[in-house]
Amino acid sequence: MTRYFFVVLLLSLVGIAIVVKAGVIMFAEQQYWKDVADRFVREGVPVKPNRGNILSADGKLMASSLPEYRIYMDFKAGGYKKDTMLMNHLTEICEGLHRIFPDRSAAWFKAHLLKGRKKGSQNYLIYPKRISYIQYKEAKRLPVFNLNKYRGGFHELAYNQRKKPFGSLAERTLGDVYADAAQGAKNGIELAFDTLLKGQEGITHRQKVMNKYLNIVDKPPVDGCDIITTIDVDMQDICEKALMDKLKELQAVWGVAVLMDVQTGDVKAIVNLSRCADGNYRERQNLAINALMEPGSTFKTASIMVALEDGKITPHTTVDTGNGVMKMHGSLMRDHNWYRGGYGLIDVTRIIEVSSNIGVSYLIDQNYKDNPQKFIDGLRRMSIDQPLHLQIPGEGKPYIKNADDPSFWHTSLPWMSIGYEVQLPPINVLTFYNAIANNGTMVKPRFVTRALKDGETVEEFPVEVINPKICSDKTLAEMRTILQRVVSHGLAKPAGSKQFHVSGKTGTAQVAGVGGYKTGKRNHLVSFCGYFPSEAPKYSCIVSIQIDRGVPSGGGMAGSVFGKIAERVYAKDLRLDLANAIDSTTNVIPSVKTGNLNETLLVLDELDIPVLQDFHKSKDKNLWGHAGQTPDGVVLQEKDFAANLVPSVIGMGAKDAVYLLESQGLRVRLSGVGKVRRQSIAAGNRLVKGQTISLQLR
């Protein structure tokens with residue numbers, strides 16, 4: 001009982017002491033312990049969200065945020081034990097680093113790490129470049145590096161880097177972000193839609209417990225939305241390849257190509273290539289939307305449309321262009337063929353076909369010289385001068401001066417009519433031609449269609465109409481007929497295609513320098529703007545190239561690029577419904593090559609194609625023969641080859657022809673693909689073993 005009493009007394013005293021101490025902490029020392037706790041808490045720590053992706057029209061990833069890392073070593077972490085492990089595994093670590101980063105040798109890594117160990121650095125950069133997540137994970141598997149940073153010393157600094165899987169494709173239109181994507185965007189779609197792409201920051205507070213910080217989420221981050229663009233990767237690649245080839249051929253200063261969907265204004269491809277100091281072409285600025293240039297002859301279409309709409313002229317109105325040189329208000333106006341004697345008397349249709357400067361400027365000057373503002377108002381009526389307010393930043397503002405402008409002279413009207421003394425970015429010219437193709441409805445070029453969040457549409461960007469009708473249907477029909485003839489009968493034949501009709505207009509303009517238009521200077525802007533197919537336009541396109549050498553030609557230079565783009569895009573976009581071409585009840589009999597009849601019969605039986613055979617099938621020998629077609633099936637006929645004569649292999653495939661000839665002791669040389677069309681040693685000649693026979697396949 002005495003022991004029991006002392007145990008109870010001791011426990012009671014301990015309990016009373018605990019209660020008293022708790023009371024002192026809760027009341028007497030309350031503020032002190034609150035102050036201590038506050039020193040171990042960090043409030044309002046921002047949490048960066050993941051930046052949204054930019055996708056092509058068909059869902060291909062064009063820009064995404066991926067982590068990159070710099071890797072470091074703390075040689076003081078882990079003490080003597082870690083240092084011993086590091087030295088024991090140093091060779092293995094260095095060989096592993098060389099395998100991951102082959103641009104540095106194992107010996108280099110060994111010397112580099114030993115140098116850091118000697119310094120006793122706590123934040124020593126192991127590899128000078130940023131590395132990918134996969135490389136980081138591989139490095140993390142190496143000995144010592146696989147320990148936590150407090151024991152092994154290996155640690156990293158993560159960056160949120162923006163990557164473009166298709167490289168430079170549409171690079172300037174997509175835009176750029178700063179080195180760390182969390183810092184924001186610089187230009188292009190990245191900048192225009194930065195609010196949607198960057199998401200919303202979260203907030204956490206970090207509390208230190210047992211020498212470790214725990215993150216407690218107060219407000220979770222909201223990742224950015226995905227942006228769906230109008231860009232088609234395949235069409236972008238087609239346009240870039242066609243333009244790049246021509247720029248290299250011409251050694252041009254720069255070039256742009258823009259491909260647009262006629263009905264929606266969706267920009268399917270946009271290429272901006274400039275010549276760099278090393279002679280290569282890269283996207284440095286969005287010239288298609290900000291290059292204010294005098295459009296030259298592509299502007300003649302607008303001038304003639306104004307006169308047609310005002311009833312001043314018809315497509316059959318004639319002008320005597322003489323010998324290709326005409327004086328206008330004291331200045332000489334020349335046609336491009338003036339040195340060959342000019343075009344003489346031609347009508348409006350022919351004027352546009354051959355892009356006669358005299359023809360257009362004479363018509364506009366004669367009909368509007370007493371009221372030039374009426375001509376300018378006609379241009380404005382077609383909205384060719386309106387800013388487009390594009391979805392991406394940096395667009396140039398079109399410039400068409402009024403008649404009361406101090407710089408408007410007597411020569412201004414005729415020269416304006418052929419594309420001088422006005423300034424338009426290429427995309428504005430394209431928007432105007434696109435309206436002609438779209439039955440007179442001018443739509444705003446669109447680069448982004450919608451924003452997605454977790455697969456759900458959060459915001460849509462519908463088609464916007466700038467001008468519901470730029471001119472009357474009569475004027476529109478007349479101009480569309482003329483533009484088609486420009487390609488079929490005029491200077492733009494290189495832009496055409498044998499597969500479908502193309503419509504459009506060439507343009508050639510001398511680029512003004514600091515001292516104006518200097519004779520002998522070879523800076524020219526050559527362009528072609530049009531649409532295809534002419535009867536039911538699907539796409540419109542502009543190609544503009546600035547050259548500083550050679551003889552300029554809008555049709556031969558820009559038009560040829562347009563033609564390649566049009567044919568390749570048309571072929572890509574072509575959809576054929578075979579059910580409409582073939583009666584579903586008809587059994588189509590295919591063309592069958594001459595050759596081994598046993599193998600031919602096996603294939604035809606597998607495909608359930610009727611066979612009319614004139615031989616007995618044999619498993620023991622190769623049966624050679626001919627194949628023919630009838631409405632009822634394939635006819636197979638056996639043919640014997642004489643032992644000492646060269647056999648005929650005309651109509652055979654390469655495999656059968658080579659097998660048959662080599663089995664006879666001949667050497668075979670092939671060229672081409674398909675069926676054998678010619679053999680160098682005619683059938684029936686005496687066979688000489690070891691002789692070489694050449695086969696041409698087509």
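Two strands are taken to pair where DSSP finds at least two bridges between them. On that basis, this predicted model contains an open sheet of six strands in the order E12-E11-E10-E25-E24-E23, with antiparallel pairing. Strand E12 (281–282) and strand E23 form the edges, each pairing on one side only. Helix H10 (residues 233–250) packs on the sheet, where it touches strand E10 (254–261), E11, E12 and strand E25 (539–547). The direction of H10 makes about 25 degrees with that of E11.

Ser274 stands opposite Arg282 in E12.

**Helix H18 and its surroundings**

Helix H18 spans residues 473–488, a run of 16 residues. From its first C-alpha to its last it reaches 23 Å, close to the 22 Å expected at 1.5 Å a residue. Which residues of H18 are buried? They are Thr475, Leu476, Glu478, Met479, Arg480, Ile482, Leu483, Val486 and Val487. The cover over these buried residues includes helix H12 (300–309), helix H13 (348–353) and helix H17 (426–437). It also includes two strands of the sheet described above, namely E23 (503–510) and E24 (524–532).

**Two individual residues**

| Residue | Relative accessibility | Class |
|---|---|---|
| Thr600 | 13% | buried |
| Ala683 | 42% | partly exposed |

Thr600 is placed in helix H21 (residues 597–606). Its accessibility of 13% falls under the 20% limit, so Thr600 counts as buried. Apart from neighbours within four places in sequence, Thr600 is in contact with Val592, Lys593 and Leu636.

Ala683 belongs to the loop between strand E31 (676–679) and strand E32 (692–697). Because its relative accessible area of 42% lies between the 20% and 50% limits, Ala683 is partly exposed. Leaving out neighbours within four places in sequence, its contacts are Val646, Pro647 and Ser648. The C-alpha atoms of Ala683 and Leu645 are separated by 7.3 Å, although the two residues are 38 residues apart along the chain.

**Confidence**

The average pLDDT of the protein is 87, and 93% of the residues score at least 70. Over residues 576–585, however, pLDDT stays under 50. For that stretch the model has one contact beyond four places in sequence.

Note on methods. Residues are numbered from 1 along each chain as its sequence is written. This is a predicted model: local features need pLDDT of at least 70, side-chain atom pairs count only at pLDDT 80 or more; totals for chains, interfaces and linings use all residues. Side-chain values use heavy atoms; hydrogens and water are left out. Helices (H or I, at least four residues) and strands (E, at least two) are DSSP runs, numbered from the N terminus. Buried means under 20% relative accessible area, exposed over 50%, partly exposed in between (1.4 Å probe, protein chains only). Contact means heavy atoms within 4.5 Å. The expected span of a helix is 1.5 Å times one less than its number of residues. Axes are lines fitted to C-alpha atoms, for helices over the stretch in contact, and angles run from 0 to 180 degrees between N-to-C directions. pLDDT is the predictor's confidence in each residue, from 0 to 100.
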